[in-house]
Amino acid sequence: MANEYSIMTNRVLSSTWRIANIKELLASNSSNTLTYFDVNGATCIRTFPEVYRDALATISLFKSMGCQMLPGRRVAICGAQGYPWLLAAVACIITGVEIVAIPELLSDGEIIASLEGLKVDFLASEIKYSTYESFAGLPHIFLDNLCQTIGKIDPLEESIGTGAFSIVAFTSGSTSSAKLKSFRVSAESTESFINTFFDSYHLTHDDNWVICHPFSHVVHFEYAIGGLCKGYNVTITEPLRIMLSGAQIKPSVLVTVPSVYEQIVTLIKRKLPSSGLRRALIDKLFEQLPSDEETRLLARDLQRVLMPEISQLLGDHLKVMIIGAAPSTEELRRSLVLMGLPVYEGYGMSETNMLTSNLPDKYRFGTVGPVWPGAGIRLTDESIIQARVHPVRSRGYLNTTQEENERTFLLDGWVDTGDFGEIDNGFLRITGRAKEIIITDRGKNINPADIQLKLRAIEGVEHALVFGNNKPFLVAILAPIHGKVLDPSNVAMAIKVINEALPNYEWIRNWLILKYPLTESGGLLTRSGKPRRAAIEIHYAAELGALYE
């Protein structure tokens, strides 16, 4: 092994809070609130003692449906992200019941396959999942009408034992397999992560962390639980509402995927003036290099004067915007930085949580930042990133063979990410994915990551994938942004420009333009919005074959 960059100092907890003590933490905190939006779009605000009251009522409801809420039991939670999902989880923590965070949109067969080796005792789900064979015969409560139901319950603070936090999460990677890999997350890892994030970005207890992705993506659940226990405000919403009502929501922290940020940038650009002195100054600013630290800080200072539309759209409380889950284009990062937004790109995986991230005082454009305290990074001789964290987040998959487990969770305690990277003066840059390396029939090894990023920068392109294994040349599939139609002539001109900067063997010689976006429901995107390469290659096998005719 070569190039090990480790900061293995313990992540010191800046307070004595523990998730297992959530009952006492909620009951004693009248300063913070949780905001969500009901089915009619109305704003609902709950103080933390009211959240505690609702969780007690949820426990009573569980028990009335025959669910013995005791340590050692396991509840599957399945449904869209929202306050009911969170309440069911808090009820589990208070009673010491393990949470199994079932990803939404899975078919019955996919759930059965993914639950291999896990015995579920109860169910909290949307009504549509109650007929699944996966959950046949289980005592259950429904999330659809949970808030109305518990509003009629007068909860009793009876003896409910000692709280404990245990959650089983799932990860899909970018494979086409119907079976997701399950793993157990340690409470110490979650507590340490929230404290590190809170301190690294100089957050306060008055800040508002906006969560707009499903809680089955376990890190977003951790953001919410962190707020309830450490003490900061939490808002649960959808990405669209952030764009429509951001000034009212007033986010301090936003963690989301590149596609959401692309929509935010597009909306901001539409609101900026099209002419005049202010437009001229904005254009002058946009000509600058975002990699220059002085330019980044200048853009922040000038934002309110040159681009007041941004605070009108997103409010003026933003401290942190993290790009995560999928690679972002340079153009997106450039736009966000030059708009003066506090954007930071980070890197991690579900099995390790955050490993690196740019920080307010340690920032380098085009990288995913320095290694976090408590994390270690090393590069193999092939430049594959391996990592370890303290406290340990997970010790292995629960539903795979030992051989498959040991391909990721190595025997020496490190985790193989499967990503290629390079480290420049302590800053990590992701350069590709090991599983995606293309070997042409001429024996050329090609990392498609950089080419795909260039293709994604073409106007209107949401996803781009390059193929060519055992083929004489490379081809691409281009999927449009929702609501957009890709213009074939514009695409051809853009690819001609891209090819001119590449060696001949990396040229895109032919391509397929899709009429419709790739979707998770169609089985072609992972839950975090990443393309399922193998599934896409199978789905479009005939069309890809035709590109070589």
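**Rings, charges and a sheet**

Let's start with a charge and a ring: the charged end of Arg333 sits over the ring of Phe365, 5.6 Å from the ring centre. "Over a ring" here means that NZ of Lys or CZ of Arg is within 6 Å of the ring centre and within 35 degrees of the ring normal. Keep in mind that this is a predicted model, where local features need pLDDT of at least 70, side-chain atom pairs count only at pLDDT 80 or more, and totals for chains, interfaces and linings use all residues. Residues are numbered from 1 along each chain as its sequence is written, and side-chain values use heavy atoms, with hydrogens and water left out.

**Aromatic rings**

- Arg533 also lies over a ring face, that of Phe467, at 5.0 Å from the ring centre.
- There are 20 aromatic pairs in the structure; rings of Phe, Tyr and Trp (its six-membered ring) pair if their centres lie within 6.5 Å, and planes under 30 degrees apart count as stacked, over 60 as edge-to-face and the rest as tilted.
- Tyr129 and Tyr132 make an edge-to-face pair, 5.4 Å centre to centre with 75° between the planes.
- Phe197 and Tyr201 make a tilted pair, at 4.8 Å centre to centre and 45° between the planes.
- Phe197 is buried, at a relative accessible area of 0% (buried means under 20%, exposed over 50%, partly exposed in between, with a 1.4 Å probe and protein chains only).
- Tyr201 counts as buried because its relative accessibility is 3%.
- Phe197 and Tyr201 belong to one aromatic cluster, whose members also include Trp209 and Trp372.

**The sheet**

- Eight strands form an open sheet with mixed pairing, in the order β3-β2-β11-β10-β12-β13-β14-β15; strands (E, at least two residues) and helices (H or I, at least four) are DSSP runs, numbered from the N terminus.
- At the edges are β3 (43-47) and β15 (353-357), each pairing on one side only; two strands pair if DSSP finds at least two bridges between them.
- Strand β10 (residues 208-211) pairs with strand β12 (residues 253-256) in the parallel sense over two bridges.
- Trp209 stands opposite Val253 in β12.
- Helix α3 (residues 83-95) packs on the sheet and touches β2 (33-37), β3 and β11 (233-236), where contact means heavy atoms within 4.5 Å.

**Around Phe37**

- Phe37 lies in strand β2.
- Leaving aside residues up to four places away in sequence, Phe37 touches several residues, among them Thr43, Ile236 and Arg241.
- The C-alpha atoms of Phe37 and Gly82 are 8.4 Å apart, although 45 residues separate the two along the chain.

Notes
Axes fitted to C-alpha atoms, helices over the stretch in contact; angles between N-to-C directions.
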